[in-house]
Amino acid sequence: MNKLLMHPATKPVIFLLCLLPFARLAYGAFTDGLGANPAEFLIRATGDWTLRFICIVLAVTPLRVMTKWNALARLRRMLGLFAYFYVVLHLLCYSWFDMGFEWGDIAKDIAKRPFILVGFSAFVLLTPLAATSFNRAIKAMGAKRWQMLHKLVYVISGLGLLHFFWMRAGKNNFAEVFVYAAIIAALLAWRVWNFASKRKAKPPAVAVRGSEKPLRTG
Amino acid sequence: MSFQSRPIRRSNSDNGFIHPLSSEITPRAAYEGRRDLLKLMAGGAAGAALAGFASREAWAQAERPNKLAPLPGGKSAVPGAMSMDKLTDYKDVSSYNNFYEFGTDKADPAKNAGTLKTRPWTVEVEGLVKKPGKFGIEDLLKLSAQEERIYRLRCVEGWSMVIPWVGYSLAELIKKVEPQGNAKYVEFVTLADPKTMPFVGSRVLDWPYTEGLRMDEAMHPLTLLAFGMYGEVLPNQNGAPVRLVVPWKYGFKSAKSIVKIRFVEKEPSTAWNKAAANEYGFYSNVNPNVDHPRWSQATERRIGDGGGLFAKRRKTEMFNGYEAQVGQLYAGMDLKKNY
């Protein structure tokens, strides 16, 4: 598996796979294939895909540790940037199709509607993560600080879930929300469990640091 | 009979009781063409503008999609019953629905509502009326002359459509059953059959879905008991075989697939009000000035508007544009409190 993951074609293939939802939405938008309310469809679909990519990127480290497919780490940055790609589209669709780029109205809407405020906060918090995703940023910040910053993704996943939960709350329609919540909860619980069991297994601090690559913590 | 007391102009000889063979019916396009010509001639030079207006109105009659059994409706004389807005495509009206008994996604009802059995169907009228009873759907269809009504429909979610319904004023039925003096409200109970409605078991709402109107709202001529749309019987996903359409209220007030109409003294509880009282009030009149707690109601997206994806949202009108007809029902009421 590691060999396959290290294959030069793996990354481009996954890159294209990640673009498939976008391609399908773009195709639908130009061929009238998004149903009666294409604006709503685009806004919701880009939101769904943001949440899915957050789940995918949060799954990388648990999967890597459990399976020892260490080469998975190569993909994590790209997957994280796709989460950002879809959230930018999400915000763009909302600002354009729902609000007609009326900035005053958008500002009012964000302040007035808690679920949009929460979603917008998640976007704002995700921005520095995307902005510091290149190697030089890691060096400039120092691995430790960089890791701390990127732990924000846990907060962001919670805000994203709350945003989705609130959006569905008016209709008491939580089935889908609970699926995402269960996945994210399991991925975060694994981290807590992993942290706790490592603490038990090893003498505190010291040894760990030197042997780790900066991208390790997830 | 009561409905004869007001002038009804019909666009054909069908009085709603005796249906001619379909082969004997003059095609709509033909009779409308003749009528347009007559109107133009009668109007003469002085009435040219008026004739153009009148022919526009005739033109607005919906073309049949030829999907279901025909249900023609004569032209309605009720003020405000013929919106001049461009009709929403039948395809959109029948594929983008909120009908939670068949699923919470708006595409679900069209996929799942095939299981709904609309025959036999009875509507039970009970409560504070002198003549309670069970009405078979065939009798209900013939109870009064079917009219076409082109109404705007504004969903509480912020989208809208323009739909040519076929039905008659609910008032016609109410007059027949003779409400008692203490009947102040009308409650509508809809079908909740777990065998044919896959989501009736879900916990989204408290089933059956119920709705209610104040007596004067129920008696208002615009309040429609609808059996069809686009000149055909209702598709299942749109609330077949009989539903309510209250055009000045948010769409969820217009109960679908009604099985019981109950006349009561106290304001009945309603499904969405039970689910979220702070978000959905009993009145739920379309009102651009009273926002939903989670979103603005100032604008709406008209489904199928020209420009598609890039069409701007339009401003929502007070009482969905029916203020002239229904505003007086709420005179002196605080509409912010009674949302």
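How many residues of chain B are in contact with chain A, and how many residues of chain A are in contact with chain B? The contact involves 19 residues of chain B and 15 residues of chain A, where contact means that the C-beta atoms of two residues, placed from the backbone, lie within 7 Å. On the side of chain B that touches chain A, nine residues are nonpolar, five polar and five charged. Here Ala, Val, Leu, Ile, Met, Phe, Trp, Tyr, Cys and Pro count as nonpolar, Asp, Glu, Lys and Arg as charged, and the others, Gly among them, as polar.

This is a predicted model, in which local features need pLDDT of at least 70 and side-chain atom pairs count only at pLDDT 80 or more, while totals for chains, interfaces and linings use all residues. Residues are numbered from 1 along each chain as its sequence is written, and chains are lettered from A and ligands numbered from 1 in the order in which they are written.

Chain B contains an open sheet of five strands in the order β3-β2-β11-β6-β7, with mixed pairing. Its edge strands are β3 (133-136) and β7, each of which pairs on one side only. Strands (E, at least two residues) and helices (H or I, at least four) are DSSP runs numbered from the N terminus, and two strands pair if DSSP finds at least two bridges between them.

Within this sheet, strand β6 (residues 185-190) of chain B is antiparallel to β7 (residues 210-214), joined to it by five bridges; B:Val189 has B:Thr210 as its bridge partner there. With β11 (residues 258-264) of chain B, β6(B) pairs in the antiparallel sense over six bridges. In that pairing B:Val186 stands opposite B:Phe263, and B:Thr190 opposite B:Ile258.

Six of the six residues of β6(B) are buried, so the strand is largely enclosed by the rest of the structure. A residue is buried if 20 or more other C-beta atoms, placed from the backbone, lie within 10 Å of its own. In a regular strand the side chains alternate between the two faces of the sheet. B:Tyr185, B:Glu187 and B:Val189 point one way from β6(B), and B:Val186, B:Phe188 and B:Thr190 the other way.

In chain A, helix α3 (residues 38-67) is followed by A:Lys68, whose phi is positive, near 65°.

How values were computed:
Buried ≥ 20, exposed ≤ 12 C-beta atoms within 10 Å, placed from the backbone.
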